[in-house]
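Reader: Before we look at the model, could you show me how its features are to be read, taking the general idea first and the case second?

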Amino acid sequence: MSEVRLNPHSKAISGVIQVPGDKSISHRAVILGSLAKGRTKVTHFLDGEDCMRTIHAFRALGVTIEKSDQTVLIQSDGFSSFIEPKEPLYFGNSGTTARLMLGILAGLPFFTTVYGDASLSKRPMNRVVSPLKQMGAYFDGRSEGDYLPISIRGGNLSPIKYTLPVKSAQVKSAILFAGLLTDGTTEVIEPTSTRDHTEIMLQAFGADVAKSDQHIKVTNKQQLTATDVFVPGDISSAAFFLVAAAIVPNSTLTLENVGLNKTRTGIIDVLKQMGGSVSINANEAIKTEPTGDITVDYSELTGITIGGDIIPRLIDELPIIALLATQAKGKTVIRDAGELRLKETDRIAAVVEGLSNLGARIEATEDGMIIHGQTPLKGGHVTSYDDHRIAMMAAISSLITKEDVVIDDTSSVAISYPGFFDDLNQVTS
Ligand SMILES: O=C(O)C1=C[C@@H](OP(=O)(O)O)[C@@H](O)[C@H](O)C1
Ligand SMILES: C=C(OP(=O)(O)O)C(=O)O
């Protein structure tokens, strides 16, 4: 672990960058490419640590997966040919791998043990374990299966009709994947929309999936059809640079080929509502997941209230939105975001501590934060708590501070954005 010291930049940023592939879509491409029979080629795959965990899990289940930079080739005989893993599966820091793989392992007639790093071992799993138990899988783990390590004895699942008690795409996806491995139709009802990449990709792979209002039904299908997947740029990674351009005077920045699925674009709505200058050039060529180029210019911003149904559409962007809010005039209130306390670290506590150290006027609430702007930031120390989104938020803050920003450790950026510092250098040079 080594400290990183970033000098203040205090000049406009500009240029054109392409952010890495979407993390959520990359995970799902490996999952569906492995469940399907045949050869799936994934391009612009996120070459980050979390997605590698999902690749390793399927290799352990007997799937042949080759990876070269951002291209992944999956050769599978379909899920009926999976083998029982010989060793426990390690999911590292990845909540998405853990929750989605629990759904799949619940449907396979094997005994598996799964575990993760210190952060993942503190994140609740009962949100997926409980419905999967109702479907007939056996689980054991710390706190009756709420925390990793968890052991699963799967197979012989029954379909379920389940209303999500938490606004979570990971829970929805785990149940839909388990539903694929049952005889019958599984229905998930989500009172608030969450990212729908699973539904979109299930359809692309030929699954029998139907969605009306907030009801999603998946019917078992013996064979999915392998299909190639192009992964758009990750809007959650783009968010760091969108905010950078919005808060550094005289900046203008274009991010190319970013995923614009409306279940993910809450950050764009927030920038616009605050008075930001954002323009979008949609790319018509790619049909399954909408993509486009986003240009952001510096502008005067005003604080707003962020809460309710928009929260799942920007949940991972809230740390960088908090930095944005320090540069908006007036008060920004973030509420209904208690889920932030259950991420890689307690992101409400980590953001409030980090930005306070830099001189922001910010306070924590039970389910969010209140930020009083507009506050010049002085600089100081930020502890990332090994959370990639906190480390990148702190790095972006150094573009507007008067003095150095010192981050305890930035190695976590490799989880979702391995080239983050290269792109930061590019837009600042
Ligand atoms: O399904 C996914 O790929 C994800 C869903 C979200 O988590 P929740 O489902 O816990 O809200 C998000 O925070 C995470 O980064 C990725
Ligand atoms: C919460 C995140 O990911 P995961 O849940 O997959 O660890 C994230 O990437 O911000």
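**Reading the model**

Author: With 16 C-beta neighbours inside 10 Å, Asp336 counts as partly exposed, because a residue is buried if 20 or more other C-beta atoms (placed from the backbone) lie within 10 Å of its own, exposed if 12 or fewer, and partly exposed in between. Asp336 also has a positive phi of about 65° although it is not a glycine. This is a predicted model, in which local features need pLDDT of at least 70 and side-chain atom pairs count only at pLDDT 80 or more, while totals for chains, interfaces and linings use all residues. Residues are numbered from 1 along each chain as its sequence is written, and chains are lettered from A and ligands numbered from 1 in the order in which they are written.

Reader: How should I read a nonpolar core, and which residues have the most contacts inside the largest one?

Author: A nonpolar core is a set of buried Ala, Val, Leu, Ile, Met, Phe, Trp, Tyr and Cys residues joined through C-beta atoms within 7 Å. The largest here has 72 residues, and those with the most contacts inside it are Leu242, Val243, Ala244, Ala245, Ala246, Ala322 and Ile396. Helix H8 (residues 235-247) gives the most to this core, contributing eleven residues. A second, separate core of 64 residues includes Ile25, Tyr162, Ala174 and Met201.

Reader: Which residues make up the two faces of strand E9?

Author: In a regular strand the side chains alternate between the two faces of the sheet. In strand E9 (residues 147-153), the covered face holds Leu148, Ile150 and Ile152, whereas Tyr147, Pro149, Ser151 and Arg153 form the uncovered one. The peptide bond from Leu148 to Pro149 is cis, with omega near -5°.

Reader: Which strands are joined to E9 by bridges?

Author: Two strands pair if DSSP finds at least two bridges between them. Strand E7 (residues 111-115) is joined to E9 by four bridges and runs antiparallel to it, with Thr113 opposite Ser151. Strand E8 (residues 138-141) is likewise joined to E9 by four bridges, again antiparallel, and there Phe139 stands opposite Ile152.

Reader: How far apart do the C-alpha centres of domain 1 and domain 2 lie?

Author: Domain bounds come from an automatic or database domain assignment, which for the protein chain gives domain 1 (4-20 + 232-428) and domain 2 (23-227). Their C-alpha centres lie 29 Å apart. The contact (C-beta atoms, placed from the backbone, within 7 Å) takes 21 residues from domain 1 and 20 residues from domain 2.

Reader: Which residues are around ligand 2?

Author: A residue is near a molecule if its C-beta atom, placed from the backbone, lies within 6 Å of it. Around ligand 2 are Lys23, Asp50, Ser94, Gly95, Thr96, Asp316, Lys343, Glu344, Arg389 and Ser416. This shell draws at least three residues from each of domain 1 and domain 2. The shell around ligand 1 also draws at least three residues from each domain, and helix H6 (residues 169-180) supplies its largest share, three residues.

How values were computed:
Contact = placed C-beta atoms within 7 Å.
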